Amino acid sequence: MESMEKDGVRTSQGAQELERREITLSTLRQAVLNGLDSSIKTDQFLLNMGPQHPSTHGVLRVLLDLDGERIKKAVPDLGYLHRGTEKIAEYRTYNQIIPLTDRLDYVSAMANNYAFVRAVEKLLQLKVPERAEFIRTIVAEVQRIVNHLFWLGTQALDIGAMSVFFYTFREREVLLDLFEKICGARLTTNYYRVGGVEGDLQQDVIDALYTFVDTFEPHILEYNTLLEHNRIWLARTKHIAVITGEDAINFGLSGPTLRGSGVDYDLRKYEPYGAYDLVDWTVPVGQNGDIYDRYWIRIEEMRQSASIIRQCLDKLPQGPFMTDDHKVSFPPKGRVMHNMETLIHHFLLVVEGFKTPPGDTYCGTETPKGELGFYIVSDGSGKPYRMKIRAPSFVSMGAFDFMARGYMIADIVTIFGTYDIVMGECDR
Amino acid sequence: MHPVAESLRRRFPDAVTGSREALGDVTIYLRETGALDVFRALHDEEEFRYDYIVDVTSVDYPMDAERFEVVYILYSIPRRHRIMVKIRVSETHPVVDSIVSIWRGAEFMEREVYDMMGIQFRGHPDLRRILMPDDYDEGYPLRKDFPLVGKGWRDDFSFVPKYFENLPPLPEGRK
């Protein structure tokens, strides 16, 4: 079924013809390279790349051990963006930590908020109102589209296909404007709350979302026409950075990077949360585990996200968007201003935070980049005793050496791009 | 008791010290010696098949006799089940066996635990600091006795007021 859908993406006979020629070319090139191996003298070379390099998506340094132009070993050097989020979190109340999670992965802040509040809610065993669950699902999927558009633009830009960037950022801008309407910020959103969301979805936002998902499919085809027939782009993504499903699992990769290798692992399906089990959608899974398959998965995920958004908007129930459990949520402002006890209650929620029962829990959420998990240890106070962030980018960097070995030095930027890493999340 | 915990306890009576089920998570407590065999069984055997490494992390309990707790979070993709495995180690001998030979993804995770908490992993191929600078020698940042606001480069200047000087004593019970 997957291959059929995949063929559906290729729009013409011409593209298949191109691909056939491409395969012949790559075998030819390999033959030439093998023939040259003995005649051309290559040298061992140690090359430093980064931390200031435009394609590292942040500050990442890699030490490359080269044999000619081939990578023998690649050692990533992390930590240039280490801000000690986990340590700071031990000194903050749970509500104060939500804005910290925005700064982890600054291209998909909503998804990080969601991952964090879900972990705290699991610790509290808190039930979230139905409307809030739907709003969260919608906003998380909008964020997924924003993230994948950003990824598509920058990945093509890294390879040299500049025009895609302008097209994807056009749509991204529309969605970021919607974020601004929803919560007042475009990137560091701070929208999710433990027990619900900060504000309701207004009718104009709902209308705008409908308009967006109705007109999104032609845009995806537009990106495809820019890339699918581009021989340079195809040559630089097909059969590059191949990893088998077994290896990908062993390395703990997640998200599109894992699914590109044919592993059907998506937390939204495996452990449904939000409204994901109430709508109809599929998990796209690749076959070859190369950069092209991971690209295809992200394109397909955008289609699925648009479908999820439309279905959730159709089913959006009425009701509160924040829990009425006032051990966790703030009391209504009108009562705070007129009632002494409520004022004290509000004050205590602000300065001490709500208390969580002692214990520990791990809760993973499927963010656009993969499984973002929060392991929280609580000692019964209003602050976490220990908070560990399982960042998908960090885990992906663990497999970088394995996936880069044997490829050319020019492939390094595409391999960075294929993980969709953001160093803010990687170094935390 | 959860069937996985039950089965592990029967197979490895010396290594498994207990188990717990809370908030939907299954936790297995192990002794440091013999833990590697348990991990290998958890990964390889059909009954468990925990093939996916989610995370390796650690928690510091300064008041306890065995100060550090190393936490492993494993997931089984074929069985769709997640467990946590915990091992306690002491401050004087904070060493556990590395599981990189079983899950290669644990390499960076264990390096981070070493970097942040100072726990050593026996048999790790490349145990270096990962997020902090290689030559950092002021301790391990996520230990509870490591201050949140530390000494920085600025403190070397004589004309910059010192942060900790002339601070009023903290009221009782506040940290």
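Mentor: Happy to! Let us start at a turn: in the hairpin of E2(A) and E3(A), which has two residues between the strands, Gly68(A) takes a positive phi near 65 degrees. Before we go on, keep in mind that this is a predicted model, where local features need pLDDT of at least 70, side-chain atom pairs count only at pLDDT 80 or more, and totals for chains, interfaces and linings use all residues. Residues are numbered from 1 along each chain as its sequence is written, while chains are lettered from A and ligands numbered from 1 in the order in which they are written.

Strands here are DSSP runs of E with at least two residues, helices are runs of H or I with at least four, and both are numbered from the N terminus. Two strands pair if DSSP finds at least two bridges between them. E2(A) and strand E3 (residues 70-77) of chain A pair in the antiparallel sense over seven bridges, and Leu66(A) stands opposite Ile71(A) in E3(A). E2(A), residues 61-67, is also joined by six bridges to strand E1 (residues 44-49) of chain A, and these two run antiparallel. There, Leu47(A) faces Leu64(A) of E2(A).

Axes are lines fitted to C-alpha atoms, for helices over the stretch in contact, and angles run from 0 to 180 degrees between N-to-C directions. Contact means that the C-beta atoms, placed from the backbone, lie within 7 Å.

Now follow helix H5 (residues 109-124) of chain A to another sheet: H5(A) lies across E6 and E7 of chain A, running at about 150 degrees to E6(A). Three strands form this open sheet in the order E6-E7-E8 (chain A), with antiparallel pairing. Its edge strands are E6 (359-367) and E8 (384-390) of chain A, each pairing on one side only. On average, neighbouring strands of the sheet are turned by 15 degrees against each other, direction ignored. Nine bridges link E6(A) with strand E7 (residues 370-378) of chain A, and Asp360(A) stands opposite Val377(A) in E7(A).

Conventions:
Contact = placed C-beta atoms within 7 Å.
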